[in-house]
Amino acid sequence: MEKFRNTVTRTGTRSVKWDLRESIFQNKDVLPMWVADMDFPSTDAVKDAIVERAQHNIYGYTITDQPVKGAIQQWVKKRHQWDIDEKWLLFSPGVVTSLHMAVQALSNENDHILIQTPVYPPFYGAVEKHGRKIVKNSLQLKDGRYEIDFEDFEQKVTDDQVTLFILCSPHNPLGRVWTEDELHKMADLCLKHNVTIISDEIHGDLTYPEHTHIPMASFSDEIREQVITCMAPSKTFNLAGLQASYLIVPNEKKRKSIEKQFSSQGLGMLNTFGIVAMEAAYLHGEEWLDQLIQVLDENKKYVQEKIHEHTDQIKVLDAEGTYLLWLDCRQMGLSSSELKQFFVSNAKVGLNDGLSFGREGDGFMRMNIACPNEIVVEGVNRIIQALNG
Ligand SMILES: Cc1ncc(COP(=O)(O)O)c(C=O)c1O
């Protein structure tokens, strides 16, 4: 576990999280616990595979061949008990790119698209930048846990203008790992009303011990025809800068449309190192991932306990998955701009502003705990001192 304990300097490595502190927070001294990547080195298997590939020193156009497809197939089967056919796979530099492509391929201008808010900000862009309209199914906070308002969900998917639903599973920023029952209900309603589901499962490998991620498309042959699943090793193994992800699209017609969309934007190939890293991580990274989850679980519990012990002005919601904690700061009684100001100027901790995930996020902040424990301790201390000082 030592590899998850040491703090590795990232400043000066062109890191968005560390090197953009001044421009994002106007304060270069904030402890960055915002953008969703990790301060941990990836599994050595990734480094070894990249170094070996780099020794060749020729970086021509590279194919996503059978071995990498096989690595994905065995990973999805082993970690998520879902048997996928290699021919269902499409590749994409990133999941956000996949959302944009799928929306354009599978809906028309002015169509309505359902999202569950508050949610990862690019969901809004993937809809609105293409002249589609957002329809919201706001998630409801009840006794410290977010739930789906199914009555509202059903009403929204019944509307003929709603053609697509973009699901965030597990959910960023709320950390919910949707249960079998919740997923089944959503899938059945979408099937009944012929709404196609784009399921963003980028955080699917990152669930805490008591929770299990279920790929939406794995329920039945009928449901899988309705679902576009977006997955990647990037959150799981800290490979976001390598830009390699994939879509699983069992329905041939939908797959062809998405493929055509990618090709019409000139997006036909992945980065050589991205392919190599994805294959190595999926083939050899399982033990590393199991250790990572233990470390994240310890960090999560530490933040929850310390904050609970020292203040009742902030409540840390229990994340069931993801390394992102959703902090309910409404008891602090601050306006949105005062809240942001408090974290940046008083506490000197760089978090994501809850409002950036939608208006339901007002009064909340998102904290990234994918860092060595000493950074988590420092971040929590800074917040407690600023609150009490
Ligand atoms: C739900 C969700 N989807 C997509 C992404 C980004 O994916 P990519 O870097 O592959 O575009 C993130 C990153 O935080 C995310 O949380």
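The legends below describe close-up views of a predicted model.

**View 1. Two domains in the protein chain.** Domain 1 is made of two stretches, 2-43 and 287-388, in the domain assignment. Domain 2 covers residues 59-284. Taken over C-alpha atoms, the centres of domain 1 and domain 2 are 26 Å apart. Domain 1 brings 34 residues to the contact, and domain 2 brings 35 residues.

**View 2. The area buried between domain 1 and domain 2.** Together the two domains bury about 2,900 Å². Carbon and sulfur atoms account for 56% of this area. On the side of domain 1, Glu 320, Thr 322 and Phe 357 supply 27% of the area buried against domain 2, which is more than any other three residues.

**View 3. A salt bridge of Glu 320.** The partner of Glu 320 in this salt bridge is Arg 145. Their closest N and O atoms are 2.7 Å apart. Between domain 1 and domain 2, the count of salt bridges is 3.

**View 4. Packing of helix α5 with helix α11.** Helix α5 spans residues 95-106, and helix α11 spans residues 252-264. The axes of the two helices are 8 Å apart and lie at an angle of about 115°. The crossing of α5 past α11 is right-handed.

**View 5. Residues in the contact of α5 with α11.** From α5 come Thr 97, Ser 98, Met 101, Ala 102, Gln 104, Ala 105 and Leu 106. From α11 come Lys 254, Ser 257, Ile 258, Gln 261 and Phe 262. Of the residues in this contact, 6 are nonpolar, 5 are polar and 1 is charged.

Definitions and conventions
Residues are numbered from 1 along each chain as its sequence is written. This is a predicted model: local features need pLDDT of at least 70, side-chain atom pairs count only at pLDDT 80 or more; totals for chains, interfaces and linings use all residues. Side-chain values use heavy atoms; hydrogens and water are left out. Axes are lines fitted to C-alpha atoms, for helices over the stretch in contact, and angles run from 0 to 180 degrees between N-to-C directions. Helices (H or I, at least four residues) and strands (E, at least two) are DSSP runs, numbered from the N terminus. A crossing is left-handed if the near helix is turned anticlockwise from the far one by less than a right angle, and right-handed if clockwise. Contact means heavy atoms within 4.5 Å. Ala, Val, Leu, Ile, Met, Phe, Trp, Tyr, Cys and Pro count as nonpolar, Asp, Glu, Lys and Arg as charged, and the others, Gly among them, as polar. Domain bounds come from an automatic or database domain assignment. Buried area is the accessible area (1.4 Å probe) that two parts lose on being put together, summed over both. A salt bridge is a side-chain nitrogen of Lys or Arg within 4 Å of a carboxyl oxygen of Asp or Glu.
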